[in-house]
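User: I would like to learn how to read a helix, a core and a salt bridge in a protein model. Could you take me through them one at a time?

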Amino acid sequence: MFILFYGLWLIFNGRITVEILLLGLLIVALVSFFFYRLLGYRLAYDLFILRNLPLLILYILNLIKEIVIAAFNVMTVVWKPGKKPEPVLIEFHSGLRGHFSNVLLANSITLTPGTYTVVQEGDRFVVHCLRREFADDVDTSSFVKLLKKIRT
């Protein structure tokens, strides 16, 4: 987190001088202290992200791909006269162990057009889908497969 904040400090300043470098160290140290002490942020979170960084990058790229595909599917429902929304609620258990993975899955479902997470309690999900075919294989989607690979 400290390195990320310091990098942002340097990027936002646009130039590098001794004053900017030293003032940046002081400000970033205070902001990092605030995050660690008052907001409960822990070094273990940074290590978790670093350990799973390649997988998380792959997950983000997969999320973007799924958002684009789902957006086209929703467009066909809106524009084709024969297709109508047939909303359905589905309930499933993701089988994911960690809180992080389940929350990330819930947010990914909500970000994907045509679906949103109504309830997420542990690994239990209730998802609203615009059409029944949008609900197919939600519990075994590429999101779930990638999140099961995350090492906690």
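User: What should the 13 residues of H5 span, at 1.5 Å a residue?

Analyst: The expected span of a helix is 1.5 Å times one less than its number of residues, so the 13 residues of H5 should span 18 Å, and this agrees with its end C-alpha atoms, which are 18 Å apart. Helices (H or I, at least four residues) and strands (E, at least two) are DSSP runs, numbered from the N terminus. This is a predicted model, in which local features need pLDDT of at least 70 and side-chain atom pairs count only at pLDDT 80 or more, while totals for chains, interfaces and linings use all residues. Residues are numbered from 1 along each chain as its sequence is written, and side-chain values use heavy atoms, with hydrogens and water left out.

User: Which residues of H5 are buried?

Analyst: Buried means under 20% relative accessible area, exposed over 50%, and partly exposed in between (1.4 Å probe, protein chains only). In H5 the buried residues are Ser101, Asn102, Leu105, Ala106, Ser108 and Ile109. They lie on the same side of H5, because they cover an arc of only 165° around the axis, the arc being that of the directions from the helix axis to the C-beta atoms. The face turned away from this buried side carries the exposed residues His99 and Leu111.

User: Which residues touch the most other members of the largest nonpolar core?

Analyst: A nonpolar core is a set of buried Ala, Val, Leu, Ile, Met, Phe, Trp, Tyr and Cys residues joined through side-chain atoms within 4.5 Å. The largest one here has 25 residues, of which Ile90, Phe92, Leu105 and Val127 touch the most other members. Helix H4 (53-79) is one of the elements that each supply at least two residues of this core, and H4 gives the largest share, six residues.

User: How do I read a salt bridge, and which side chain meets that of arginine 124 in one?

Analyst: Side chains of opposite charge can pair when their charged atoms come close. A salt bridge is a side-chain nitrogen of Lys or Arg within 4 Å of a carboxyl oxygen of Asp or Glu, and the structure holds five of them. In one of these, the side chains of arginine 124 and glutamate 91 meet at 2.8 Å, N to O. This pair links distant parts of the chain, with arginine 124 in strand E3 and glutamate 91 in strand E1, 33 residues apart. Arginine 124 counts as partly exposed at 23% relative accessibility, whereas glutamate 91 counts as exposed at 51%.
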